[in-house]
Amino acid sequence: MEVKDIATLAKYPFLKESREYIKGLSISVDDLLQDLAYERARVIGLERVENALRKGDVGNRSLATETDCIMELLSYPIARMISVCVGEPYLRRRYALGEAIHFYKYLQNEDMSFLLWVAKELGMDVKTLDSRIEIYFVDYLKNAPTRYKEWKLVNRVLDRGYVYINHRELCRIIEENLRNRIVKELDSRECEETVYKTFQKEIEGFRNTVRLKIKKARTKSIGKVNMTLMPPCMRKILSMIQSGENVPHMARFAIVAFLNSLNLSFNEIMEMFRNAPDYEEDKTRYQVEHITGRKSSTKYTPPGCDKMRTYGICPVEEIDEICKKVNHPLSYYKLKWKLSKGKKK
Ligand code: SF4
């Protein structure tokens, strides 16, 4: 399949053809950043980041003329360069999610042949058989949000190595693939001095907004839990969630089970995730419901210090005197609480 229509390229700037189109324009990075002719692309680039940060979607703009489309296309690499220069994992994740959600909205209106072509470009093995859509199970496991019940492989039809999905699910899988891809690409890039100088004021503005948001989230108490009594391991996991770093599954499990054991309500635990850059209500809800026993008969307890160490989520370089006296994060909290009471007397 070949996309000739520039509006389609502008909607999907991650496609190989879109990148080739930009290359064909032979615009140097310096021109893109300085030339008056690309001022609009720079404004849209900033708008993409701003919208992703504040609204969770990079936003729609008119694609009525060829110039509209070219400016939209050029704004994509600009937005990515700005996101890298902000230097905050939270913003990179928030931006990646904003782009992926936007692509998902466009993809839902595309026909099957286009979706198959995009999936192929992203390296996924997807095919149609009669009216059925099938994805190779390895690609399914790599890209589908299988942490949620309806996506788990056991709840799917698996036939000769292929999983049955529908049109909307394929869009969702592509969205997840793009989100991960963008995060990975941005995480591996360095900020270019010329980009920083061009957008210095705005980059500093984004940085301050993000840092303020993270600081607020870190100091805000969660329900009745006193943050100053939290063990180093749980403080670290919380701060990773709130700054948008990659949090291993076991760490997410540990913090939810820990807060649940301290009798935090379901809503209070959900609130903690709400500050995460890639927060998605329905998915978080499913995980939290599962761990807290709201939806299943099992209520999980948090792992002890030995297990935390085995999983690499006990920050051994940050442990303190209380850590040395306990063998469970919950005991840490209780002992610190007792000690703080003793001091007050
Ligand atoms: S020693 Fe235990 S309580 Fe302390 S940080 Fe490690 S896992 Fe947490």
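Predicted model: local features only at pLDDT ≥ 70, side-chain atom pairs only at ≥ 80, totals over all residues.
Q: Thanks! How many helices and strands are there in the protein chain?
A: The protein chain has 17 helices and four strands.

Q: And what box do the C-alpha atoms fill?
A: Taken along the principal axes, the box is roughly 75 × 55 × 30 Å.

Q: How much of the chain counts as buried?
A: Buried residues make up 36% of the 345 in the protein chain.

Q: What share of the contacts comes from residues 24 or more positions apart?
A: Such pairs account for 73%, counting contacts in the protein chain with a separation of 6 or more.

Q: OK, domains next. Which ones does the assignment give?
A: There are three entries in the domain assignment: domain 1 covers 6–107 + 191–206, domain 2 covers 112–180, and domain 3 covers 220–344.

Q: What separates the centres of domain 1 and domain 3?
A: Their centres, taken over C-alpha atoms, are 37 Å apart.

Q: And how many residues does the contact take from each?
A: Domain 1 gives five residues to the contact, and domain 3 gives five residues as well.

Q: What are the residues by class on the domain 1 side?
A: The side of domain 1 that touches domain 3 has three nonpolar residues, two charged ones and no polar ones.

Q: Let's go to α5. Where is it, and what should it span?
A: Helix α5 takes in residues 66–86, which is 21 residues. At 1.5 Å a residue it should span 30 Å, and its end C-alpha atoms are 31 Å apart, so the two values agree.

Q: Is α5 mostly covered or mostly open?
A: Mostly covered: 17 of the 21 residues of α5 are buried.

Q: So what about the residue that follows α5?
A: That residue is G87, and its phi is positive, near 70°.

Q: Changing topic: what is the order of the strands in the sheet?
A: The four strands form an open sheet in the order β1-β2-β4-β3, and the pairing is antiparallel. At the edges are β1 (126–129) and β3 (158–159), each of which pairs on one side only.

Q: How do β1 and β2 pair?
A: β1 and β2 are antiparallel and share four bridges.

Q: What sits between β1 and β2?
A: β1 and β2 make a hairpin with two residues between them, and D130 is in the turn. Phi of D130 is near 55°, which is positive in a residue other than glycine.

Q: Is D130 buried or exposed, and why?
A: D130 is exposed, because it has 4 other C-beta atoms within 10 Å, and 12 or fewer counts as exposed.

Q: Moving along the sheet, how do β2 and β4 pair?
A: Strand β2 (residues 132–136) and strand β4 (residues 162–165) are antiparallel, with four bridges. Y136 has Y162 in β4 as its bridge partner, while I135 stands opposite V163 in β4.

Q: And how many bridges join β3 to β4?
A: Two bridges join them, and the strands run antiparallel. L158 has V163 in β4 as its bridge partner.

Q: What about phi in the hairpin of β3 and β4?
A: Two residues lie between β3 and β4, and R160 takes a positive phi near 50° there. R160 is not a glycine.

Q: Why does R160 count as exposed?
A: R160 counts as exposed because it has 6 C-beta neighbours inside 10 Å.

Q: Which strands does helix α9 lie across?
A: Helix α9 (residues 167–187) lies across β1, β2 and β4, and it runs at about 30° to β2.

Q: Last one: where does E193 lie?
A: E193 is part of helix α10, which covers residues 193–198. E193 counts as exposed because it has 9 C-beta neighbours inside 10 Å. E193 and C85 are 108 residues apart in sequence, and their C-alpha atoms are 8.6 Å apart in space.

Technical notes:
Residues numbered from 1 in each chain as written. Expected span 1.5 Å × (residues − 1). Buried ≥ 20, exposed ≤ 12 C-beta atoms within 10 Å, placed from the backbone. Pairing = 2+ DSSP bridges. Contact = placed C-beta atoms within 7 Å. Axes fitted to C-alpha atoms, helices over the stretch in contact; angles between N-to-C directions. Domains from an automatic or database assignment. Nonpolar A, V, L, I, M, F, W, Y, C, P; charged D, E, K, R; others polar.
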